[in-house]
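Let's take a walk through this protein together. Have a look at the sequence and the model, and then we'll go through them piece by piece.

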Amino acid sequence: MVTATFIFRQTKRDADFETLDASAAAAAEAIAGYRDRKKWRDDEGNLAVVYYWDSMTALEEFARHPAHLAAKKRYREWYAGYRIEVASVLRVYGDGYYDAFPDPA
């Protein structure tokens, strides 16, 4: 499993943002290999959206999708800045409460 974590500081939300955000989310969900996404906010007000993928191939398909590219072109309208962290998940374990995905190992 692969994750892509989009970390950003949002400065504005408007109708165009909502439309592009929904379009990009729908595009991700339609790609074979998409698993899920989770949103988090830290104590400083930064947001993180973690996308879960079966493979880098699936993630790369999303990165090239027109809906994603359209949103990316306009990021300065809504974000002070952003960072992407791509990682391989080596193991998933816990008590079962949060088990959304099987262990990829």
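Which residues form one aromatic cluster? They are Phe6, Phe8, Phe17, Tyr75, Trp78, Tyr79 and Tyr82. Here rings of Phe, Tyr and Trp (its six-membered ring) pair if their centres lie within 6.5 Å. A search of the whole structure turns up eleven aromatic pairs.

Before going on, a word on what you're looking at. This is a predicted model, so local features need pLDDT of at least 70 and side-chain atom pairs count only at pLDDT 80 or more, while totals for chains, interfaces and linings use all residues. Residues are numbered from 1 along each chain as its sequence is written, and side-chain values use heavy atoms, with hydrogens and water left out.

Leaving aside neighbours within four places in sequence, Phe8 is in contact (heavy atoms within 4.5 Å) with Asn46, Leu47, Val49, Tyr79, Gly81 and Tyr82. Phe8 also turns up in the largest nonpolar core, which has 20 residues. Such a core is a set of buried Ala, Val, Leu, Ile, Met, Phe, Trp, Tyr and Cys residues joined through side-chain atoms within 4.5 Å; buried means under 20% relative accessible area, exposed over 50%, and partly exposed in between, with a 1.4 Å probe and protein chains only. Phe8, Ala28, Tyr51, Trp53 and Tyr79 touch the most other members of this core. At least two core residues come from each of strand E1 (2-10), H1, strand E3 (47-53) and helix H2 (56-64). Helices (H or I, at least four residues) and strands (E, at least two) are DSSP runs, numbered from the N terminus.

Now for a pair of helices. H1 (residues 15-30) and H3 (residues 66-73) pack at an angle of about 145°, and their axes are 8 Å apart. Those axes are lines fitted to C-alpha atoms over the stretch in contact, with angles running from 0 to 180 degrees between N-to-C directions. On the H1 side, the contact is made by Leu20, Ser23, Ala24 and Ala27, and on the H3 side by Ala67, Ala70 and Ala71.

Pick out Leu20 in helix H1. Is Leu20 buried or exposed? It counts as buried because its relative accessible area is 16%. Away from its neighbours within four places in sequence, Leu20 is in contact with Ala70, Ala71, Arg74 and Trp78.

Finally, find Gly96 in the segment after strand E4 (79-88). Gly96 is partly exposed, since its relative accessible area is 36%.

Conventions. Rings of Phe, Tyr and Trp (its six-membered ring) pair if their centres lie within 6.5 Å; planes under 30 degrees apart count as stacked, over 60 as edge-to-face and the rest as tilted.
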